[in-house]
Amino acid sequence: MTYEGAHTADGIRLLVQLLMTDLRGVDPVAVRPEAWAEPVRGWLTAGAALAAGEPKRALAALDDPVPEETYDDLVTRALRTAATATDVNWAPGGAVTWSLPPGDEAALLEAVGGTGGRLAVLARDPGLRLAAFLAARHLPDLFVARAVVESGRVIDAQPSEVVEAVGGAAEAEEALRWFDEVPAEITGGGLVAPVAYHLLVAGDLRARAGDRRRGEALSREALRLVPGDPAFAALSSLLAGDAELGTPGAAERRLPVPAGRRTLDRATRYYATADALFREAGASRGRAAAALRLAHVARRPDDRAACVERALILAAAAGDGACAALLRVHRVLDAVEDGRPHAGPDVEEVRHWAGTAGSGSWLRGTADLVAARARDWTRQGYAVRGREAGDLAARLAEAVPAADADRSVPRAAGGSRPTAGRSEADR
């Protein structure tokens, strides 16, 4: 195994920021990989694609190193692991709720295999090991942990080999304990931001498991590490709003909102605060996530539609393909609920995105959330709504034609491309 020495510190720090995917602190279109030499250029291209929820585009930017002979090969392999997990085991709301198809299961098992050994070899370069750990362990583990804590039905959908390979656990408390402890690969990386990020997602897992008090304590601990950083404060507020709604991923999955006015008011305040803080951070991707949630808790159809349109504009400006795809589905579903004409091209654009740049499991997740609403409306006696939503779900669930999937993978969404700034937490 060849050791090349230190890479450009700024490039590795930026890669780490991108791999903290739920933070949404760096817009994918703000990344300029061409400013770095290889291999950092390819890593940043892939990192920006992962932040955009576009794993196929990430894979297209990465070599497939066989055999793995250098430290660079190990980092590239870790990024490929993250991309594979995002393509087959990720869905709106955070957890895949179906049994993985055999091909997806085999791809995931192959991707996560050998991760522990690769990270052990990278111990000589803590910066590279941190980036590789976030990609090959932290992100796949987070997907599985969310599935574990949600319900027994969901964890039953995860192959036992996958749960074991990515360091998850068959019991919710084991998964929660794993995230309660900050891994040495993160603490040893020399940056405080990943430590704070880990604490925030650990707090979210605790809240998803019903322990909001512990979740809030972890959030406060995280924010003490990064005082004055608006992106971290924004994520904390976003997660607090999610916790108010009670069900994990309720806004992304477009679940029925709680009836209590006070609950909706509190969630709205948290989401509005997150929007303002993400604006301060210059993070359009974060603002899109906040606007999506504001749409979910809006009481009037016109307000909801306005929030969805604003969120779409922000997601496109940030280059967040997955968020934009989800919002297009929400927009059609809203039109069905309101009895308005809806745009068929939205569905076809989402399918094309999933087959070229995006995530197959994310597409499956959009089909599932629409099918759930169709069932709800049918039970409630809204036959027309239920039928239209059922037809939409069936179209989203159809296999993407090979001709679409084989087209060249697009770059991130267009627009101006300013240089991404450094988070105040990375000091």
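Biologist: How many residues does helix 4 have, and how far does it reach from its first C-alpha to its last?

Modeller: Helix 4 runs over residues 71-88, so to speak: 18 residues, reaching 26 Å from first C-alpha to last, close to the 26 Å expected at 1.5 Å a residue. Keep in mind that this is a predicted model.

Biologist: Is helix 4 buried or exposed?

Modeller: Buried. 18 of the 18 residues of helix 4 are buried, so the rest of the structure largely encloses it.

Biologist: And the protein overall, how many helices and strands?

Modeller: The count is 22 helices and zero strands. Of the 427 residues in the protein, 57% are buried.

Biologist: What share of the contacts join residues at least 24 apart?

Modeller: That would be 72%, taken among contacts between residues at least 6 apart in sequence.

Biologist: Which of its residues are buried?

Modeller: In helix 15 the buried ones are T263, L264, A267, Y271, A274, D275, L277 and F278. The cover over them includes helix 14 (230-245), helix 16 (284-297) and helix 17 (301-318).

Biologist: What happens just after helix 15?

Modeller: G282 comes there, with a positive phi of about 70 degrees. A283 also sits in the loop between helix 15 and helix 16, and at 1% relative accessibility A283 counts as buried.

Biologist: What does A283 touch?

Modeller: Leaving aside neighbours within four places in sequence, A283 is in contact with R24, G25, D27 and F278. F278 is one of the buried residues of helix 15.

Biologist: Which other non-glycine has a positive phi?

Modeller: R254, at about 50 degrees. R254 is in the loop between helix 14 and helix 15 and is buried, with a relative accessible area of 7%.

Biologist: Switching to packing: what's the angle between helix 12 and helix 14?

Modeller: About 5 degrees, with the axes 10 Å apart. That angle is under 35 degrees, so helix 12 and helix 14 are roughly parallel to each other.

Biologist: Which residues meet there?

Modeller: From helix 12 there are A193, A196, Y197, L200, D204 and A207, and they meet F232, L235, S236, L239 and A243 in helix 14. By class, that contact has nine nonpolar, one polar and one charged residues.

Biologist: What about R287, buried or exposed?

Modeller: R287 counts as buried, at 14% relative accessibility. R287 is in helix 16, and beyond its neighbours within four places in sequence it contacts D275, F278, R279, R310 and L314.

Biologist: And T366, what does that touch?

Modeller: Not counting residues up to four places away in sequence, T366 touches P92, L326, V329 and L396. T366 belongs to helix 20 (residues 360-379) and is buried at 1% relative accessibility.

Biologist: Quick one on E185: where does it lie?

Modeller: In helix 11 (residues 184-187). E185 and L130 are 55 residues apart in sequence, and their C-alpha atoms are 5.6 Å apart. Setting aside neighbours within four places in sequence, E185 contacts R129, L130 and F133.

Biologist: Last one: how many disulfides?

Modeller: Zero disulfides in the structure. As for cysteines, C307 is buried, with a relative accessible area of 16%, and C323 is buried too, at 10%.

Methods
Residues are numbered from 1 along each chain as its sequence is written. This is a predicted model: local features need pLDDT of at least 70, side-chain atom pairs count only at pLDDT 80 or more; totals for chains, interfaces and linings use all residues. Side-chain values use heavy atoms; hydrogens and water are left out. Buried means under 20% relative accessible area, exposed over 50%, partly exposed in between (1.4 Å probe, protein chains only). Helices (H or I, at least four residues) and strands (E, at least two) are DSSP runs, numbered from the N terminus. Contact means heavy atoms within 4.5 Å. Axes are lines fitted to C-alpha atoms, for helices over the stretch in contact, and angles run from 0 to 180 degrees between N-to-C directions. Angles under 35 degrees count as roughly parallel, over 145 as roughly antiparallel, 65 to 115 as roughly perpendicular and the rest as oblique. Ala, Val, Leu, Ile, Met, Phe, Trp, Tyr, Cys and Pro count as nonpolar, Asp, Glu, Lys and Arg as charged, and the others, Gly among them, as polar. A disulfide is a pair of cysteine sulfur atoms within 2.5 Å. The expected span of a helix is 1.5 Å times one less than its number of residues.
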